Amino acid sequence: MSEQAIRVVYVEDDEAVRAAGRQTFALADMDVIDFPRAEAALAELGTERAVVLVTDVRLPGMDGMSLLRRASEIDPDLPVILVTGHGDVGMAVEAMRTGAYDFIEKPFAPEHLVEVVGRAMEKRRLVLENRALKARLAQADGVGGLIGDSGGMRNVRRLVIELGDTDVDVLIEGETGTGKERVARGLHEAGRRRSGNFVAINCAALPESVFESEMFGVEPGAYTGATRSRAGKIEHASGGTLFLDEIEGMALPLQAKLLRVLQERVVERLGANRLVPVDCRVVAATKLDLKAEVAAGRFRADLYYRLNVVTIGLPPLRARREDIPQLFSAFCLEAAERYHRPPPALSPAVFDWLMGQDWPGNVRELQHVADRLVLGVWRPGAELAAVEGAGLAQRLAAFEHLLIDNALRQCNGDVAAAAEALAVPRKTLYDKIGRFGIDMSAYRGGEARA
């Protein structure tokens with residue numbers, strides 16, 4: 001996330017003092033707009049304005065306390081710093097109770113003014129970033145909370161929106177932790193089946209001994225201990241969505257039983273002789289290449305082709321590193337609300353370090369790091385030392401390296417295709433590959449295709 005430039009709105013009726021304040025802010029590289037009266041400053045305040053307010057208490061017309069109350073009505077989170085004269089400490093205490101961020105007593109050192117205002121600016125920046133992030137999260141909730149502006153994630157959101165209101169079965173492919181269940185829930189919420197049940201089943205964790213009773217349901221007397229009728233998972237999903245996670249982990253005999261249900265859209269409870277029709281949308285997810293599993297004899301070809309009507313591929317996090325700042329900020333915000341902790345301040349160095357990691361656990365691993373940061377059990381220290389000490393040239397080079405790495409991974413080591421994706425000449429890309437010492441053996445078995 002880019003840092004917002006926060007402006008100081010400065011209200012002081014004494015022209016000489018106001019000029020000194022302007023100079024103090026300018027020397028500290030703080031953007032300032034000043035007014036001799038409170039009424040004129042009101043137009044600069046607003047819920048989305050990147051400003052902090054510094055005002056003298058004793059002003060002609062509307063005084064500083066009245067301005068504080070009016071500013072709090074406009075935006076309760078707007079930092080207001082009151083400048084008080086000697087003997088106004090009681091008023092300052094009242095101001096803090098009213099919602100002032102801080103107060104400064106005259107006479108004050110310029111360094112003290114800059115320090116207090118600097119803290120207020122950082123608070124305002126975080127408030128505005130969190131608000132913008134919440135708005136983006138609310139928008140993303142319409143497509144399953146799928147966050148990210150990379151090309152891969154834009155395509156995933158497009159498919160979720162286009163397929164959401166259809167009944168077509170969907171196969172989701174992606175590595176562990178890429179968010180396959182989020183996509184499945186997005187498909188469910190984006191369609192007319194949202195009022196029905198979303199039933200998630202981990203196929204790899206379902207023992208063969210209880211498969212039929214859990215999936216199809218039971219009737220009394222079907223086995224010892226079965227004393228009442230119970231609908232199975234598939235029947236429970238009727239009218240909604242059946243999510244079959246880790247479908248590759250289902251044993252072959254169970255795959256045959258599932259195939260019949262998917263083809264006929266009926267279930268037969270254990271101990272019953274009648275068929276129960278089911279009307280559910282089926283979304284399956286796998287972390288493996290099911291076509292390769294079919295070729296190896298570990299997955300039924302007929303079930304694969306039954307499931308593979310439409311496929312949504314989820315890119316790993318290392319292939320969409322540009323989404324990491326937005327994702328991590330969102331996870332920190334969610335964790336702060338969940339654990340009732342303040343959201344942490346995130347510097348560009350933190351994002352640079354995060355974007356430089358491989359994230360084998362993908363989005364789930366990134367979320368766990370955000371949780372640990374919010375809880376205070378992990379603090380970025382030694383990991384950031386090299387990044388914080390790097391200059392602009394080093395940081396730009398590191399980011400360029402990441403972009404090239406992403407392109408080569410997405411193109412499976414095809415340098416020509418990667419050059420086209422990056423919009424650079426092929427020779428330029430080869431030069432950069434050599435300069436960065438990129439090992440081409442990491443891409444598609446080391447065969448770099450020209």
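Which residue just after α13 takes a positive phi? Keep that in mind; the tour comes back to it.

**Stop 1: Confidence**

Colour the model by pLDDT first. This is a predicted model. The protein averages a pLDDT of 86, and 88% of the residues score at least 70. Confidence is highest in β10, at 97, and lowest in helix α16 (residues 382–388), at a mean of 52. Then select residues 445–450. Here pLDDT stays under 50. The model has 17 contacts beyond four places in sequence for this stretch. Where pLDDT is low, the predicted coordinates should not be read in detail.

**Stop 2: Strand β10**

Select residues 241–245, which form strand β10. Is this strand enclosed or open to the outside? Of its 5 residues, 5 are buried, so β10 is largely enclosed by the rest of the structure. Show the side chains. Thr241, Phe243 and Asp245 point one way. Leu242 and Leu244 point the other way. Residues on both sides are buried.

Select strand β7 (residues 198–202), which runs parallel to β10 and is joined to it by 5 bridges. Look for Val199, which stands opposite Leu242. Then select strand β13 (residues 281–286). It also pairs with β10 in the parallel sense, over 4 bridges. In this pairing, Thr241 stands opposite Arg281. Strands of a sheet pair through backbone hydrogen bonds, either parallel or antiparallel.

**Stop 3: A sheet of 5 strands**

Move to the open sheet with the order β2-β1-β3-β4-β5. Its 5 strands pair in parallel. Which strands form the edges? They are β2 (31–35) and β5 (102–105), and each pairs on one side only.

Strand β4 (residues 80–84) pairs with β5 in the parallel sense, over 4 bridges.

**Stop 4: Aromatic pairs**

How many aromatic pairs does the structure hold? There are 4. Visit two of them. Begin with Phe211 and Phe216. Their ring centres are 5.8 Å apart and their planes stand at 85°, so the pair is edge-to-face. Phe211 counts as buried, at 0% relative accessibility. Phe216 counts as buried too, at 6%.

Now select Tyr304 and Tyr305. These ring centres are 5.0 Å apart, with the planes at 65°, so this pair is also edge-to-face. Check the surroundings of each ring. Tyr304 is buried, at 7% relative accessibility, whereas Tyr305 is exposed, with a relative accessible area of 54%.

**Stop 5: Helix α13 and what follows**

Select residues 324–339, which make up helix α13. The helix has 16 residues. From first C-alpha to last it reaches 22 Å, close to the 22 Å expected at 1.5 Å a residue. Of the 16 residues, 12 are buried, so α13 is largely enclosed by the rest of the structure. Among the buried residues are Ile324, Phe328, Phe331, Cys332 and Ala336.

Finally, step just past the end of α13. Here is the residue from the opening question: His340 takes a positive phi of about 55°.

Note on methods. Residues numbered from 1 in each chain as written. Predicted model: local features only at pLDDT ≥ 70, side-chain atom pairs only at ≥ 80, totals over all residues. Heavy atoms only, no water. Buried < 20%, exposed > 50% of the residue type's maximum accessible area, 1.4 Å probe, protein only. Helix = DSSP H or I, 4+ residues; strand = E, 2+ residues; numbered from the N terminus. Pairing = 2+ DSSP bridges. pLDDT = per-residue confidence, 0-100. Contact = heavy atoms within 4.5 Å. Phe/Tyr/Trp six-rings, centres within 6.5 Å; stacked < 30°, edge-to-face > 60°. Expected span 1.5 Å × (residues − 1).
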